[in-house]
Amino acid sequence: MAGVLTRLPTRTGPVPWYARPATGGGVDPVVPPPSEAGPFPPGTTGAAAPQHGHPNRVRQSLRIAGDLGREVFAGAELGDTFSFASLLDPRLVVMTQHPDHVRSLFTADPEVAPSLAGESPVRPVVGLSVLTAVGQQHRRRRKLMMPSFHGEAIARYREEIRDATARHLDRWTTGRAFPLAATTQAITLDVIMSGVFGIDHRADPAEARLRHVVRRTLELSTSPVARFGELLNLDREESVGPQRWVVARLDLAMYDVIARRRAAHEPGARHDILSLLLDVRDEDGAPLTDRELRNELLTLVLAGHETTANTIAWTFERLLRTPAAHDRLRDVVRSGEDPDGYVEATITESMRARPVVPLIGRRVRVPWQLGDVVAPADSRVLIGILLLHHRADLYPDPFRFAPERFLGRRPGAHEWVPFGGGTRRCLGAALAMEELRIVVPEIARRADLVVDDPAPERPVSRNVTMIPARGGRVRATSLRA
Ligand code: HEM
C-alpha cells in the first residue's frame, strides 16, 4: 500500500502568491523609477498595454473568478501595466501597479476619471448612494455623510467598539478551533448597527428584525447562488432573480425602521447616522426621501462590516504564521507600553500584505498614459492594490510579513492604498482604523491563539473583497479577562 501511495502523482505547480516564502532580505524601500501618467495629448496614439490571459471574455472572467490573485500576479509579469479580456466590458480592461499611475488616477478631475463603483455588482443592491454615484451627485452625497465620520463622531463610536469587543471575546472558550472572522463580523456588525441606525444589541422587535435580516443577507451573499445572482445583475440598476427577493426582504425591514424613526424623530436627540440624516435638508429645504436614506444606510452596512472584520481576521492569519511578530505584539500590548508604535505597524503591514479590497477602478474618459502604454478613452483602468503592495522596490521581500517595515515610517500616499484615494477615498477609513486599533490589541492581550494548520489560508473573492478561505481559523489555548 505504501508503495502505491508513493507512486501516486503529486500535484506540484508554481507556489501560489500567498504561500511564497520570505527571502530573508532587508525591508528598506527604494524609490521606483518615475513613470509618466495622466491624460494623453488628444489626437495622439500610444502603444496598447500587453494582454494577459485568455482572449475570450468568458474564459478569462472565469479564470479571474476562480483565482484573482493568480491572474493578477501572472499579468504583472508583463510589466507595470497590462490588460485582459473581461465580461464586464467589451473593451480590454487595463490594470496598473505603479505609484505614479495611481497618483494620476487619484488626483484626476473626477469628471475625467470617475469611479467604477457605480458599475459594480453592488449598484443594483444599494441603488444610487455615496458609493455608486458619480460627479455632482457624488459630491452632494459625500458632503452629507462626512460629518458622521469625523473625529468627534468617531470618538462616540469608541465606547461601542470596546463594549462589543468585550462582549464577544467573553464568549470564547479554549480548545475548540473556530473562524476568527465569525467573532470579528459579530463585533463589526454591532458597531455598524449602533453607529448607523442607533440599534444596540438590546434592540426593540422591529430593530432586532432589521439586524437579523442584515445578518442573513450578508450570509446569503457568500453562497454560490449569490455569485450567480451577481452575474444576472451585471450592468443593472435594479436587482433581478434571487437577488431581487433578498433585497426586497431587507427593504421591508429597513423601511419599517426608517418610518418608525421618522415618526418619533426629535432633532438633535440622537447621534446615530440615520438620525443625523433625518435632519438634513437640500437647497430647497426638502428632507432626504426614504429611498435615499435606505440607499445610504445600506451602503454603510455593506461597505463597513465585512471589510473591517476580514482585515482583523487576516491580521491574525498572518501573525500566527509569523511567531516573532505575534510574540512581539503580545509583549507590547500586555506590558501596556508601545513606544515604537508596534500595534500600528502590525495593522499597516496586515493591510499591505492582505488588502481586503484588492482592486479598485476608474473609467478614463480620455486616453490615459500609464508609463510607456496608453489606455484608450472610456476604458476601465484598475489599480492593482494587491500588486502595488507587493512591489519589491517599495516593499523589499514583499511576501514576508514584517511589521518592522513601518516602524518609524509612514507609508507613502500612493504606495499604501487599502482605502483607495482622492475624492473617493473610503469614507469609513477613520472608523475602520479605530476598530482595528481597539480590536487587534484586545484579542492579542486576552487570548493565546494558535493554528492547527500552518499552511497560509487561501484568499477567496467575495463580492469586491478578498477574504481568508477558512475565515482565519484559530484555536485559543488560554484566555484572560
Ligand atoms: C478595513 C476596512 C475598510 C477597507 C479596507 C475599505 C476600503 C475601501 C475602498 C478601497 C474604497 C474605494 C476607494 C476608491 O475607490 O478610491 C472604499 C470606499 C468606501 N468605503 Fe470603505 N473600507 C473599509 C471600511 C469602511 C467602513 C467601516 C465604512 C463605513 C461605515 C466604509 C464606507 C465606505 C464608503 C461609503 C465608500 C465610498 C466612498 C466614495 O466613493 O466617496 N468603508 N472603502
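1. R480 is partly exposed, with a relative accessible area of 33%. Here buried means under 20% relative accessible area, exposed means over 50%, and partly exposed lies in between, with a 1.4 Å probe and protein chains only. The partner of R480 in a salt bridge is D448, and their closest N and O atoms are 3.3 Å apart. R480 lies in the segment after strand 12 (473-479) and D448 in strand 9 (residues 447-450), so the pair ties together parts that are 32 residues apart in sequence. D448 counts as buried because its relative accessibility is 12%.

2. A word on the basis of these values. The model is predicted: local features need pLDDT of at least 70, side-chain atom pairs count only at pLDDT 80 or more, and totals for chains, interfaces and linings use all residues. Residues are numbered from 1 along each chain as its sequence is written, and side-chain values use heavy atoms, with hydrogens and water left out.

3. Side chains of opposite charge can pair when their charged atoms come close. The term salt bridge stands for a side-chain nitrogen of Lys or Arg within 4 Å of a carboxyl oxygen of Asp or Glu. By this rule there are 42 salt bridges. One of them joins the side chains of R462 and E306, at 2.7 Å from N to O. This pair links distant parts of the chain, with R462 in strand 10 (residues 459-462) and E306 in helix 13 (residues 290-319), 156 residues apart. Both R462 and E306 are buried. Helices (H or I, at least four residues) and strands (E, at least two) are DSSP runs, numbered from the N terminus.

4. A salt bridge also joins the side chains of R330 and D327, at 2.8 Å from N to O. R330 and D327 both belong to helix 14 (residues 323-335), where they are 3 residues apart, about one turn of the helix. R330 counts as buried, at 16% relative accessibility, whereas D327 is partly exposed, with a relative accessible area of 36%.

5. Salt bridges can also be listed as a network. Which residues are linked in such a network? They are D89, R91, E119, R363 and R380.

6. T299 is placed in helix 13. Is T299 buried or exposed? T299 counts as buried because its relative accessibility is 4%. Its side chain reaches the backbone oxygen of N295 at 2.8 Å. Leaving aside neighbours within four places in sequence, T299 is in contact (heavy atoms within 4.5 Å) with V126, S129, V130, L131 and G304.

7. The ligand has 28 residues around it, of which H138, R142, R362, R424 and C426 come nearest. A residue is near a molecule if one of its heavy atoms lies within 4 Å of it. A polar side-chain atom of H138 lies 2.7 Å from an oxygen atom of the ligand. For R424, a polar side-chain atom lies 2.8 Å from a ligand oxygen atom. G421 instead has a backbone N or O atom 3.0 Å from an oxygen atom of the ligand.

8. Which elements give two or more residues to the shell around the ligand? They are helix 6 (135-145), helix 13, strand 5 (359-364) and helix 17 (429-446). Helix 13 gives the largest share, 6 residues. By class, the shell has 16 nonpolar, 9 polar and 3 charged residues. Ala, Val, Leu, Ile, Met, Phe, Trp, Tyr, Cys and Pro count as nonpolar, Asp, Glu, Lys and Arg as charged, and the others, Gly among them, as polar.

Conventions:
Polar contact = N/O pair within 3.5 Å; in protein donor to acceptor, adjacent residues only side chain to side chain.
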